[in-house]
Structure formats: structure tokens, C-alpha cells
Amino acid sequence: MEHFTPLSSLLGGILIGVSATAMLGLLGRVAGISGILGGLLAGDTSGGPWRTAFVAGLLVGGFLFAAAAPAAFAMTLDRSTPALAVAGLLVGFGSRLGSGCTSGHGVCGMARGSKRSIIATLIFMTTGALTALFVTQVFGGRL
Amino acid sequence: MAGMLTAFGCGLVFACGLVAGGMTQPSKVVGFLDFTGAWDPSLALVMGGALGTHALLRRFVTTRSRPLLAPAFCVPTRKGLDARLVNGAAIFGVGWGLGGFCPGPAIVALGGGVSAALVVVPAMLAGMLLHDRWFAAAPVAATPVVANGAEVGRDG
């Protein structure tokens with residue numbers, strides 16, 4: 001085990017859970033990032049401009065942290081631009097096809113007890129682990 | 001206005017959670033997914049902490065008839081498994097394991113001006129648009145489900 005950060009990671013998880021609960025209790029919406037981004041791209045304005053405001057919060061949060069704690073964005077993973085582009089493409093396409101990502105299925109859907117979300121989370125954790133394993137074993141962690 | 005400020009605040013807190021949890025460091029994500037190397041279990045605590053907190057707290061808000069600032073809850077009601085869910089989750093996982101970015105951290109990293117995010121986010125949005133174009137003529141799963149007076153057709 002290297003670089004294990006139990007306390008900050010648990011705190012981070014709690015903050016995400018609080019945010020997801022506030023979204024549900026105040027706005028009645030699921031804090032699923034791929035669903036929110038997909039809605040924005042599809043021009044879905046149902047319920048007002050909350051999608052834009054939520055994404056703006058994510059962006060501003062990133063901006064503030066980059067100024068205060070740049071180490072939080074350390075990119076030590078050895079990936080070429082084409083590899084990152086393919087990764088992004090698969091993440092975008094797959095999360096829309098599967099109706100959710102880590103937040104929508106892994107946090108909100110699982111907390112709701114949704115069978116679809118539990119299955120989706122098990123599947124993406126498995127293919128994610130196999131892919132990471134493949135890159136490490138076959139390409140020595142560089143791609 | 002209150003709704004917009006709420007959504008902005010939630011986005012900000014969500015970003016803080018992702019950053020504190022280590023999700024904006026792709027090496028930690030891949031270090032978690034690749035359990036054969038120097039395994040970093042941190043992400044299990046991020047996901048477990050988020051899931052546990054939300055599962056516990058959401059009971060107190062869903063007992064109300066409606067959210068405080070909106071007319072109705074828009075929560076997915078779709079049930080049953082289909083090929084799209086399975087294939088989509090599988091494809092998403094491959095991309096996540098390859099680049100170490102899922103959508104939330106990618107957007108936060110973009111806000112932080114991270115160069116990798118300048119590649120990942122446009123590609124991710126292109127993947128989403130590609131999906132929408134591809135399935136534009138096949139409205140099978142895109143049919144909205146009416147629940148609590150609101151149109152919902154997504155899981156999140």
C-alpha cells in the first residue's frame with residue numbers, strides 16, 4: 001500500500017454525499033455528472049439553469065484548488081495525448097449509453113438501492129480494473 | 001435564483017469532495033483500480049463515504065412530498081437490465097481505467113487548468129454527442145418515464 005490517504009479520502013466522500021443529498025432535498029435532482037453534462041449538451045433546460053450552475057460550481061472549485069493546492073491535480077500517470085483522448089471518448093460515450101457514471105450510478109443510484117446502478121457499478125469497476133491491469137502488465141504503465 | 005445558487009454551491013462542495021478524496025489525481029484512481037501493484041485503497045473510502053453518507057441522509061429528505069426549492073423529485077424510475085446499461089458501463093469503465101478520469105474530476109481538473117483535462121474533457125463531450133447522434137433514430141431507451149410529474153429517463 002502506497003500513498004494511502006484514508007482520512008482525506010473519507011472526508012472527500014462525505015462531502016460528495018452531503019452535496020448529493022442537498023441536490024436531492026433542495027432541487028429534487030440526482031447529482032450524476034454525466035447526466036448533467038449530457039443534459040446540457042442536449043439542450044435540456046427542464047427545471048431551469050441548475051445544470052449550468054452546478055457545472056460552474058465544479059469548475060470554480062477546480063480553479064480555486066489549483067491556486068491553493070496545485071498538488072491536488074498532480075498528473076503523474078504516464079499517458080500520451082492520444083491515450084487520454086481515447087479515454088475521454090470512451091468515458092463520454094459509455095456513461096451516456098449506460099445512463100450514468102461513478103456519481104450517478106456509484107453514489108446516487110446505489111444509495112437509492114437501484115438494481116440497475118448496482119449492476120452498472122460492478123461492471124465499470126471490473127472493466128476499469130481490467131484495463132488498469134492491462135496497461136500496467138502489457139505496457140508497463142505507459143501508454 | 002435560489003435554485004441556481006443552490007446548484008452552484010452543491011457543485012462547489014462536490015468539487016471539494018473530489019479534490020479532498022484524491023479523485024483529481026489520475027494516478028490514485030489507477031492505483032486503486034490496479035489492485036496488483038502498490039494498491040492504493042483510498043478510492044474505496046471516497047466511494048464508501050459518499051455512498052454511506054448519501055444513503056443515510058437521503059431518507060430524511062425523500063420522506064417529504066417535494067423538494068424545498070422545486071415542484072417535484074426527478075429520480076430515475078427505470079427498472080430492469082438491458083444491453084445498453086451493461087455495454088455502456090463496460091465501455092465507461094475501460095475509459096476510466098485507461099485515463100484515470102471520470103466525468104466529475106475531469107470537469108474539476110479543467111477548472112484547475114490541468115493540461116490532461118484539456119484533452120480529456122473535449123473528448124468526453126465528443127463521446128457524449130457521438131452517443132446522442134448514434135441513438136437519435138432509436139428512441140427505445142430514450143423514452144421518458146413520467147414520475148412524480150416530471151420527465152425522467154436517466155439514472156443519473
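Predicted model: local features only at pLDDT ≥ 70, side-chain atom pairs only at ≥ 80, totals over all residues.
Helix α3 of chain B covers residues 42-62, which makes 21 residues. At 1.5 Å a residue, a helix of this length should span 30 Å, and because its end C-alpha atoms are 30 Å apart, the expectation and the model agree. Several of its residues are buried, including S42(B), L45(B), M47(B), A50(B) and H54(B). What do the buried residues of α3(B) pack against? Their partners come from both chains: α1 (6-27) and α5 (102-112) of chain A, together with α1 (2-21) and α2 (26-33) of chain B.

Now step back to chain B as a whole. Its secondary structure comes to six helices and two strands, and from the N terminus on, the elements run α-α-α-α-α-α-β-β. Of the 156 residues in chain B, 55% are buried. Among the contacts in chain B with a separation of 6 or more, 51% join residues 24 or more positions apart.

How much of each chain takes part in the contact between them? Chain B brings 111 residues and chain A brings 111 residues. On the side of chain B that touches chain A, the elements giving two or more residues are α1, α2, α3, α4 (83-99), α5 (103-111) and α6 (115-134). The most comes from α1(B), with 18 residues. Sorted by type, this side of chain B has 66 nonpolar, 33 polar and 12 charged residues.

In soluble globular proteins, nonpolar side chains tend to be buried together. Here the largest nonpolar core has 92 residues, and those with the most contacts inside it are L90(A), A106(B) and V120(B). Helix α1(B) gives the most to this core, with 11 residues. Take V120(B) as an example: leaving aside its neighbours within four places in sequence, V120(B) is in contact with L84(A), A87(A) and G88(A) from chain A, and with G99(B), F101(B) and A106(B) from chain B.

L37(A) lies in helix α2 (residues 33-41) of chain A. Is L37(A) buried or exposed? L37(A) counts as buried because it has 26 C-beta neighbours inside 10 Å, where 20 or more are needed. Not counting residues up to four places away in sequence, L37(A) touches V55(A), P103(B) and M128(B). L37(A) and R96(A) are 59 residues apart in sequence, while their C-alpha atoms are 9.6 Å apart in space.

The other leucine, L11(A), is found in helix α1 of chain A. With 18 other C-beta atoms within 10 Å, L11(A) is partly exposed. L11(A) and I123(A) are 112 residues apart in sequence and 26 Å apart in space, C-alpha to C-alpha.

Finally, how confident is the predictor about chain B? The chain averages a pLDDT of 88, and 87% of the residues score at least 70. Over residues 140-153 of chain B, however, pLDDT stays under 50, and for this stretch the model has 26 contacts beyond four places in sequence.

Methods:
Residues numbered from 1 in each chain as written. Chains lettered and ligands numbered in written order. Helix = DSSP H or I, 4+ residues; strand = E, 2+ residues; numbered from the N terminus. Expected span 1.5 Å × (residues − 1). Buried ≥ 20, exposed ≤ 12 C-beta atoms within 10 Å, placed from the backbone. Contact = placed C-beta atoms within 7 Å. Nonpolar A, V, L, I, M, F, W, Y, C, P; charged D, E, K, R; others polar. Core = buried A, V, L, I, M, F, W, Y, C linked by C-beta atoms within 7 Å. pLDDT = per-residue confidence, 0-100.
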